[in-house]
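Let's take a quick tour of this protein and its ligand. Have the structure open while you read, and follow along from topic to topic.

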Amino acid sequence: MSRFFSNKYDSLDAYVPGEQPKDCQYVKLNTNESPFPPAPAVLEAVRGEAEKLHLYSDPECKALVEKLAETYGLKPTQVLPTNGSDEILNFAFMAFCDREHPIVFPDISYGFYSVFAKLNGVPYETIPLKEDFSIDHREYVGIGKNIVIANPNAPTGLCLSLKQVEEIVASNPHNVVIIDEAYVDFGGESAVKLIDKYDNLLVTQTFSKSRNLAGARLGMGFACESLIADLNTIKYSTNPYNVNRMTMAAGIAMLESTEYFEKNLAEICRVREYTAAELRKMGFTALDSKTNFLFVRSEEIDGEKLYAELKKRGVLVRHFTAERIAQFNRVTIGTKEQMDVFLEKTREILKEQKQ
Ligand SMILES: *Cc1c(COP(=O)(O)O)cnc(C)c1O
């Protein structure tokens with residue numbers, strides 16, 4: 001740290017992304033990317049835009065906004081694309097949270113929420129998950145504070161029902177409720193259909209997980225017109241060209257590649273169920289995932305040890321050190337072939353452990 005770094009960031013611990021190793025070819029199951037490349041139409045669209053990179057991108061993202069509105073059954077004024085969904089989450093903290101408007105979220109959830117709170121000087125509280133790692137939605141009903149909930153939650157993979165989400169939104173009319181749907185396409189129930197009914201609901205989604213574009217950085221927020229207008233005020237005060245030309249073209253092409261998208265989703269869900277069943281045969285506990293990852297533990301091996309042993313054998317998964325979940329690992333669903341390598345190495349490790 002230099003002597004110039006503002007002391008307003010004294011309590012800030014920056015978010016630590018999952019490892020992106022460059023040294024060797026890992027079976028990479030640690031950051032919930034899609035194992036499949038973008039649809040062929042994306043490559044063509046990006047190439048076309050590359051020739052125009054000397055010109056700024058459209059700050060209104062008009063073509064993409066219209067395509068998103070059409071895809072999700074909303075008005076263009078209810079949609080805001082951003083540089084990954086991390087950006088719209090940060091915009092929401094900037095726009096709606098401050099000392100008088102604190103925020104609450106589950107104790108085990110996406111690690112970025114506390115980072116955004118600290119970055120923006122927003123007081124926050126966490127509410128413990130239940131013993132079974134599910135969210136007790138009643139704890140949020142009528143809480144009278146801003147709320148952010150990942151649904152499905154990460155890294156547990158568990159869901160709230162749409163009815164439970166609606167109860168939370170309806171019972172906190174004077175607060176903004178952010179539902180982070182990064183994984184919703186893998187089996188959750190989206191709250192997008194509640195947007196016309198509630199003016200305090202912001203739903204965020206991303207192209208990083210289910211739409212094969214993690215490296216393009218594209219996310220979006222869906223909300224009533226006035227919330228989107230506020231978020232646009234923040235956007236135009238920080239980075240008006242937040243979505244670059246190539247990403248915008250990639251996003252539109254991906255939204256048009258419906259068949260490819262659906263085929264990939266079905267395959268990931270199929271491989272998820274296969275992997276969970278194989279792990280359970282080995283004695284693992286796997287939470288009931290509605291995402292593209294599994295959250296798993298075995299009584300036979302320490303969580304951190306399993307992570308380290310897998311890494312030695314060329315398989316990367318994500319381990320978190322927080323006490324409640326230190327025995328677990330989060331395993332991204334890759335291709336069937338990748339998961340077979342993971343399963344084989346895991347069997348090997350468990351066997352050695354017993355000797
Ligand atoms: C991956 C993820 C995001 C953000 O991803 P982006 O790549 O920034 O769109 C947001 N929330 C959760 C819960 C995630 O897992």
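Before we start, one term: a pocket here is an open set of grid points with protein on both sides within 12 Å along at least five of seven lines, and its lining residues have an atom within 4 Å of a point. Keep in mind that this is a predicted model. With that in hand, we can say that α4 gives the most to the lining of the largest pocket, namely five residues. The ligand sits in that largest pocket.

**The largest pocket**

- The space in the largest pocket comes to about 1100 Å³.
- A total of 47 residues line this pocket, and Y15, V16, P17, Y110 and R318 are the closest to its centre.
- If you sort the lining by class, you get 22 nonpolar, 15 polar and ten charged residues.
- At least two lining residues come from each of α3, β3 (103-106) and α4 (112-119).

**Around the ligand**

- Which residues surround the ligand? They are G84, S85, D86, Y110, D180, A182, Y183, T206, S208, K209 and R217.
- Sorted by class, this shell has three nonpolar, four polar and four charged residues.
- Helix α3 (residues 84-96) gives the most to the shell, with three residues.

- S208 has an N or O atom in its side chain that is 2.6 Å from an oxygen atom of the ligand.
- For S85, look at the backbone instead: a polar atom there is 2.7 Å from a ligand oxygen.
- On its own, the ligand has 390 Å² of accessible area, and the protein covers 92% of that.

- The peptide bond from N151 to P152 is cis, with omega near -5 degrees.
- The bond from A154 to P155 is cis too, with omega near 5 degrees.
- Where do you find P152? Look in the loop between β5 (146-150) and α5 (162-170); P155 lies in the loop between β5 and α5 as well.
- C61 isn't a glycine, yet C61 has a positive phi of about 50 degrees.
- You'll find C61 in the loop between α1 (40-50) and α2 (62-72).

Terms used:
Residues are numbered from 1 along each chain as its sequence is written. This is a predicted model: local features need pLDDT of at least 70, side-chain atom pairs count only at pLDDT 80 or more; totals for chains, interfaces and linings use all residues. Side-chain values use heavy atoms; hydrogens and water are left out. A residue is near a molecule or strand if one of its heavy atoms lies within 4 Å of it. A polar contact is a pair of N or O atoms within 3.5 Å; within protein, one must be able to donate a hydrogen and the other to accept it, and residues adjacent in sequence count only if both atoms are side-chain atoms. Accessible areas come from the Shrake-Rupley method with a 1.4 Å probe; for residues, only the protein chains shown count as cover. On a 1 Å grid over the protein atoms alone, a cavity is a set of points where a 1.4 Å probe fits but cannot get out, and a pocket is an open set with protein on both sides within 12 Å along at least five of seven lines; lining residues have an atom within 4 Å of a point. A molecule sits in a cavity or pocket if more than half of its atoms lie within 2 Å of its grid points. Helices (H or I, at least four residues) and strands (E, at least two) are DSSP runs, numbered from the N terminus. Ala, Val, Leu, Ile, Met, Phe, Trp, Tyr, Cys and Pro count as nonpolar, Asp, Glu, Lys and Arg as charged, and the others, Gly among them, as polar. Grid points are joined across faces, edges and corners, and a volume is the space filled by probe spheres set on the points.
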